[in-house]
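Dear colleague,

I am passing the structure on to you with this message, and my notes on it follow below. Please read them with the model open beside you.

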Amino acid sequence: MIRDTFSVLFYPKTSKARKNGETPIYCRITIRGQRAGFSTKRFIDPEIWDSNAGKVKGRNDLAKSVNNY
């Protein structure tokens, strides 16, 4: 029996930080151990990123906008 696995991970890619400190948000999709990653074309300050939840902290307009996207 082959078990299918699927996961989605969002993370700020700090190695591609802009001069103003903002980092792009990347998405990684893993299916049966095969990974595919891409940029979401959104940038955030890494200080407001919640790595455990995989989203922006807070309830302000920026957080709502990025998290809904």
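Two rings of Phe, Tyr or Trp (its six-membered ring) are taken as a pair if their centres lie within 6.5 Å, and the pair is called stacked if the planes are under 30 degrees apart, edge-to-face if they are over 60, and tilted for the rest. Please keep in mind that this is a predicted model, in which local features need pLDDT of at least 70 and side-chain atom pairs count only at pLDDT 80 or more, whereas totals for chains, interfaces and linings use all residues. Residues are numbered from 1 along each chain as its sequence is written, and side-chain values use heavy atoms, with hydrogens and water left out.

By the ring rule, the count comes to 1 aromatic pair. The ring centres of Y11 and Y26 are 6.2 Å apart and the planes stand at 35°, so this pair is tilted. Y11 belongs to strand β1 (residues 6–12) and Y26 to strand β2, so the pair ties together parts that are 15 residues apart in sequence. Helices (H or I, at least four residues) and strands (E, at least two) are DSSP runs here, numbered from the N terminus. With buried meaning under 20% relative accessible area, exposed over 50% and partly exposed in between (1.4 Å probe, protein chains only), Y26 is buried at 15%, while Y11 is partly exposed at 24%.

Y26 also stands opposite S39 in β3. Strands β2 (residues 23–31) and β3 (residues 34–44) run antiparallel and are joined by 8 bridges, where pairing of two strands requires that DSSP finds at least two bridges between them. The two strands form a hairpin with 2 residues between them, and R32 in the turn has a positive phi of about 50°.

R18 lies over the face of F43, at 3.6 Å from the ring centre, and the charged end of R42 is placed over the ring of Y69, 3.9 Å from its centre.

As for the overall picture, the protein has 1 helix and 5 strands, which follow the pattern β-β-β-β-β-α when read along the sequence. The C-alpha trace spans about 50 × 25 × 20 Å along its principal axes, and 19% of the 69 residues count as buried.

Conventions:
A charge sits over a ring if NZ of Lys or CZ of Arg is within 6 Å of the ring centre and within 35 degrees of the ring normal.
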